[in-house]
Amino acid sequence: MSQDQDIALEEQFAQKRMSKQTFLRLMAYLRPYKRQFVLNLAFTTFATASSLLGPKFIQVGIDRFLTDFTSAEAALSGILMVSVIYLVNLFAGWFLSVAQVKTSIAIGQGAMNDLRKAVFAHIQSLSLNFFDRTRQGRIISRADSDINSLDQVLTWGANQLLSSGLTLLGACAILLQYEWRLCLAVSSVLPILAVATRIFQVRVLRAYRRLVEQGSRVTSALAENVSGVRVVQAFSREDLNLERFREINSEYAERFTEAARIFHVYIPLIPMLSGVGTAIILGYGGHLAMRHEITVGELAAFIIYLGMFFGPIQTMGDLYNSVLSAAASSERIFQLLETRPQVIDLPSAGPLPRIEGRVRFENVSFRYETTPDDKWILHRVSFEILPGQMVALVGSTGSGKTTIASLLARFYEPQSGRILIDGLDLMSTTIGSLRSQIGIVTQENFLFSGSIMENLKFGRPSATDEEVLEAAQMLGTHEMILGLKEGYQTEVSERGGNLSAGERQLISFTRAMVARPRILILDEATSAVDSQTESVIQNALEKLFEKRTSFVIAHRLSTVRYADQILVLKDGEIVESGSHEELLAKKGRYSELHEEFVRQ
Ligand SMILES: Nc1ncnc2c1ncn2[C@@H]1O[C@H](COP(=O)(O)OP(=O)(O)OP(=O)(O)O)[C@@H](O)[C@H]1O
Ligand SMILES: [Mg+2]
């Protein structure tokens, strides 16, 4: 997928409001926290009630004790009592708010923790075809920034919205109760607010979309330049890349400024309108008070309630952006969670028994998802391997060798034909039982951060240190590991960057052996080690794999010379097979490859 398509997809999500389905799925994550939710609702309601009570006390204080008093002493003690009650209510409200925040954090963090775990588990379960078509940056941003933006809203925003909503409703109800004519007078500012809010929503949505789109360009530029920093430096592209980044980045700053400007015009508008409302009340309400149609205390309380009415509107406006972005994030997260793995256990599948090692490909044809329809990557490939044989796959670059290995481990499934192990169709067996018996040393040699010992036990965490040492000694990789800074305890940096390519290969190799596979696949597993080390490994393998089937893929033809059977691939088809001598005598594709190899 090209970057622009990718960004278009991101943008499409940024435009989306949350669908009902997504909302329900999100609610499902909140369900386990029902108890906290009920508590939270109760705390919020009481905290809001307490804050709405405040102005009531002020009103009573003014009307009962200040405006129309006969005894100054009684008035003073009365007003003091009211202020004590006011304080008590204030503290109660504060306590309730603390409890409210606590429960809301518990809900948000609990649910997000679960969701993050679900996303991680789901990513691991997806088939390789998904990773072929999805950029790494996008997958990571699902589990990282998307969950964070949802987290922000769930933990803080939702609660604020709830408080604001309740306060708004309460203030509205109280205002209406006081004096309908005052309410009517204040309502004259509401149409302005409604129109401004509508304009704001449309404009901020548009600006926000443009911002998200550009943000995703900044992220991919960053990600690509960090992982490709070696190549950047090797080609002295720093200045040029910086120049490109500068453009993307300043465009981002512009769009950010634009979005922020819209906010900063709208947000101060609310206190301003609130102020206009206050002025209207002061004038008109003062008039009513003088005519004794309302009391002074009521007028004072009304003005405070008016503030309580506009406050939540402002909070909601502030939160609008976060809610929008969280809605888009949850759409993206659940879209990822809905992606089904392509390779799955069929309902009828049973475990594959301990493998003997007979492998059969029957007319296997395969193409990747992105391969054009008129092309096959493997075309009607058939061969049979007997238990304990060492088979070599040779052929030029891109001829389909790695693809055969991937099909055998069922990372992909062929479009037609069958693959059988010990007479059992792979489709009738469970993936776990198959992969636990197959060891692959891939061309990538990916190592994880952690010690070398931990890496070696990756495929069989229950292995003892002694078993690991034994495997390394048999393969002849023990000395190499001991030669490292701290031997088996040497820390491997991310992706194994602190090791040489050959060292990484030897460790990957040993890692595969520690897992005790029944079938071993070596995909260019020794291409980066020197010939002498390679021949030590070969001898060890012959001993270790006397009774087990192994596949060796290698360009260096000296590696495959002693294979029991050599399969020669050309453009996805097997064009020849036989032993080294037989194939040389044929003077076909293999002898061509061999001549090229010897000449080098
Ligand atoms: N994940 C993928 N998605 C799409 N096409 C792929 C994918 N992996 C490989 N291909 C294509 O399939 C063909 C066979 O690739 P494969 O990796 O099997 O070759 P190979 O024989 O292992 O080559 P090499 O010697 O370079 O490792 C190539 O044309 C390649 O471009
Ligand atoms: Mg390959």
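I take the expected span of a helix as 1.5 Å times one less than its number of residues. Helices are DSSP runs (H or I, at least four residues), numbered from the N terminus.

Housekeeping: this is a predicted model, where local features need pLDDT of at least 70, side-chain atom pairs count only at pLDDT 80 or more, and totals for chains, interfaces and linings use all residues. Residues are numbered from 1 along each chain as its sequence is written, and chains are lettered from A and ligands numbered from 1 in the order in which they are written.

**Helix α10**

I checked α10 (residues 238-266): its 29 residues should span 42 Å, and the end C-alpha atoms sit 41 Å apart, so the two agree. I then looked up its buried residues (20 or more other C-beta atoms within 10 Å of their own, C-beta atoms placed from the backbone). They are Ala 259, Ile 262 and Tyr 266. These pack against α8 (190-227), α11 (269-290) and α12 (296-338).

**Domains**

An automatic or database assignment sets the bounds. I noted domain 1 (3-338), domain 2 (354-437 + 519-528 + 543-600) and domain 3 (443-516). The C-alpha centres of domains 1 and 3 are 51 Å apart.

**Cores**

A nonpolar core here joins buried Ala, Val, Leu, Ile, Met, Phe, Trp, Tyr and Cys residues through C-beta atoms within 7 Å. The largest has 64 residues, and Ala 392, Leu 393, Ile 521, Val 552 and Ile 566 touch the most other members. Helix α18 (residues 501-514) supplies the largest share, 6 residues. Domain 2 and domain 3 each give this core at least three residues. I also found a second, separate core of 24 residues, with Ile 262 among them.

Conventions: Helices (H or I, at least four residues) and strands (E, at least two) are DSSP runs, numbered from the N terminus. A residue is buried if 20 or more other C-beta atoms lie within 10 Å of its own, exposed if 12 or fewer, and partly exposed in between; C-beta atoms are placed from the backbone. Two residues are in contact if their C-beta atoms, placed from the backbone, lie within 7 Å.
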